[in-house]
Amino acid sequence: MENTWRDEYCPNYGHIYCDCPFVVEENTCPGHWTCNDIDNISADFMAANDVNGDGLLNWEDNIEDVHAEELNISCDFNGDDSVDACEVHMCVVLVENNWRDNNCPDFGHVYCDCPFVVAECEGSWNCEDIYNVSL
Ligand SMILES: [Ca+2]
Ligand SMILES: [Ca+2]
């Protein structure tokens, strides 16, 4: 706008060129996974490995021993010897954050809620119950 104005009123004055004074955060990290990607990867992983379709990955799925062992060690966060969809999901989130630490340390971590419904535990309290009980 300034230069258009100068063209009109001071054509001999020349144009002005200014560097942008505002820092636009270069917050990019090529190849990173979004929560959406992580959801899809987790779902694919479950679909590929949950042979009997009960929503859990464990010995019953005939996964090769070593594979299942690794799976349990790295993803069985509650130690019940099965890996449910949310544990897979959490595992993928950890993998992603680990990757970011190595490749884009300034990019920050991703936090994703588990998009899967895992088996309900009858009589258990959910967060809302606990909130109500705590009052
Ligand atoms: Ca299974
Ligand atoms: Ca588990």
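Aspartate 81 counts as exposed because 11 C-beta neighbours lie inside 10 Å; a residue is exposed at 12 or fewer other C-beta atoms within 10 Å of its own, buried at 20 or more, and partly exposed in between, with C-beta atoms placed from the backbone. Aspartate 81 lies in the loop between helix 3 (65-75) and strand 2 (83-84), where helices (H or I, at least four residues) and strands (E, at least two) are DSSP runs numbered from the N terminus. Its phi is near 65°, a positive value in a residue other than glycine.

The structure is a predicted model, in which local features need pLDDT of at least 70 and side-chain atom pairs count only at pLDDT 80 or more, while totals for chains, interfaces and linings use all residues. Residues are numbered from 1 along each chain as its sequence is written, and chains are lettered from A and ligands numbered from 1 in the order in which they are written. The chain averages a pLDDT of 81, pLDDT being the predictor's confidence in each residue, from 0 to 100. Confidence is lowest in helix 3, at a mean of 66, and highest in helix 4 (residues 85-103), at 92.

Buried residues of helix 4 include Val88, His89 and Glu96.
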